[in-house]
Amino acid sequence: MRSFPKYKVNSLHAVIFNYYTCVAMGLLLMPDPTQYTHAAWTSVPTLLTLALGIMFVVVFVLIGSTTTQVGVTTAALASNMSLVIPVLFGLFIFKNNNKDFTFLNYLGLLLALVALALSTLKKGETKTSSSGLLLFLPVLLFLASGTNNTLINYISATFYEPSQSALFTAIACTGAILIGTIFLIIKILTTNDQLSLRSIVGGLILGLPNFLSFYFLLKALSAFGNSAAFVFPIYNVSSMLVSSFLAWLFFKEKLQSLNKWGLLVAVIAIFLISYQEILASF
């Protein structure tokens, strides 16, 4: 998505069309695609999964609104810090941890939040606003993003087998297509917004890494007993590390001193969260 402005791709349009690729990829990776066509679409598990897809679009709209109205740093910080919601639910509500957490594991969770915060902070990017409604946008983003990840963990653990990751992804993205397409049609009909071929193509291309990211997140959750406290911090921090490297490699983005400290703390956090698994492999 970083390249979208350069190629004049509308981010909202592209995100909506990326879900079409996600559904197609899900169908391709399903052992039996009739699982999708013969799904019980009015059952509680399927409706919850479709609602999760709707949350995908809601979170993206909130990210865009918060970025525009409040600032890039605030939006990124609210989104990253929402990690605390699925972690707390995993530890104290679902109690589906893959191991007994030690002091070092908890310290790693804390450092993961510190790392995400440090990697996000940029000088001179935060806007100021006197509107209480606008200042509430980061709170909404924090809650929505955290709820989104909590639902991913709950729905996948409760209603789907580990072998049904592709089915889960396809159904969730179907919900995103339904609400996203309706929203896009209304927006085009009521504003001067126009749909371009480059936005459609950009979205279809975006769908491939987006699908793989979500698909392997589900695989990781199932592999580690749906332990949100273990998987989500490592997933988020690892994503941040990879994103920072790619931004440096392809966009020559220079990291500020706080960002560099964030990368170092991120590596320490990953080790502390997973040191038992790392040491057991030797």
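Trainee: What does Tyr19 touch, leaving aside its neighbours within four places in sequence?

Mentor: Tyr19 is in contact with Phe56, Val57, Cys173, Ala176, Ile177 and Asn210, once those sequence neighbours are set aside. Keep in mind that this is a predicted model.

Trainee: Okay, and which residues touch the most other members of the largest nonpolar core?

Mentor: Tyr19 again, along with Phe56. That core has 64 residues.

Trainee: Which helix gives the most to this core?

Mentor: Helix 8, residues 165-190, puts in ten residues.

Trainee: What does the second core include?

Mentor: The second one is separate and has eight residues, among them Ala78, Leu137, Leu141 and Ala144.

Trainee: Switching to helix packing. At what angle do the axes of helix 6 and helix 10 cross?

Mentor: Roughly 25°, with the axes coming within 10 Å. Helix 6 covers residues 103-120 and helix 10 covers residues 228-251.

Trainee: Parallel or antiparallel, then?

Mentor: Angles under 35 degrees count as roughly parallel, so helix 6 is roughly parallel to helix 10. The crossing of the two is left-handed.

Trainee: Which residues meet there?

Mentor: From helix 6 you have Leu109, Ala112, Ala115, Leu116 and Ser119. They meet Ala229, Pro233, Asn236, Val237 and Met240 in helix 10. By class, that contact has eight nonpolar residues, two polar ones and no charged ones.

Trainee: And helix 6 with helix 11: how do their axes cross?

Mentor: At roughly 155°, and the axes come within 7 Å. Helix 11 is residues 257-280. The cut-off for roughly antiparallel is over 145 degrees, so helix 6 and helix 11 are roughly antiparallel to each other.

Trainee: Left-handed or right-handed?

Mentor: Left-handed for helix 6 and helix 11.

Trainee: How many nonpolar, polar and charged residues are in the contact of helix 6 with helix 11?

Mentor: There are 17 nonpolar and eight polar residues, and no charged ones.

Trainee: Where does Lys8 lie, and is it buried or exposed?

Mentor: Lys8 lies in the segment before helix 1 (11-29). It is exposed, with a relative accessible area of 66%.

Trainee: Does Asn226 count as buried or exposed?

Mentor: Buried, because the relative accessibility of Asn226 is 12% and the cut-off for buried is under 20%.

Trainee: Where does Lys95 come in?

Mentor: Lys95 follows helix 5, and its phi is positive, near 50°. In helix 5 itself, residues 84-94, the buried residues include Ile85, Pro86, Val87, Gly90 and Leu91.

Trainee: Last one: where is Gln256?

Mentor: Gln256 lies in the loop between helix 10 and helix 11. It is partly exposed, with a relative accessible area of 27%.

Trainee: How far apart are Gln256 and Ser165 in space?

Mentor: They are 38 Å apart, C-alpha to C-alpha, and 91 residues apart in sequence.

Definitions and conventions. Residues are numbered from 1 along each chain as its sequence is written. This is a predicted model: local features need pLDDT of at least 70, side-chain atom pairs count only at pLDDT 80 or more; totals for chains, interfaces and linings use all residues. Side-chain values use heavy atoms; hydrogens and water are left out. A nonpolar core is a set of buried Ala, Val, Leu, Ile, Met, Phe, Trp, Tyr and Cys residues joined through side-chain atoms within 4.5 Å. Buried means under 20% relative accessible area, exposed over 50%, partly exposed in between (1.4 Å probe, protein chains only). Helices (H or I, at least four residues) and strands (E, at least two) are DSSP runs, numbered from the N terminus. Contact means heavy atoms within 4.5 Å. Axes are lines fitted to C-alpha atoms, for helices over the stretch in contact, and angles run from 0 to 180 degrees between N-to-C directions. Angles under 35 degrees count as roughly parallel, over 145 as roughly antiparallel, 65 to 115 as roughly perpendicular and the rest as oblique. A crossing is left-handed if the near helix is turned anticlockwise from the far one by less than a right angle, and right-handed if clockwise. Ala, Val, Leu, Ile, Met, Phe, Trp, Tyr, Cys and Pro count as nonpolar, Asp, Glu, Lys and Arg as charged, and the others, Gly among them, as polar.
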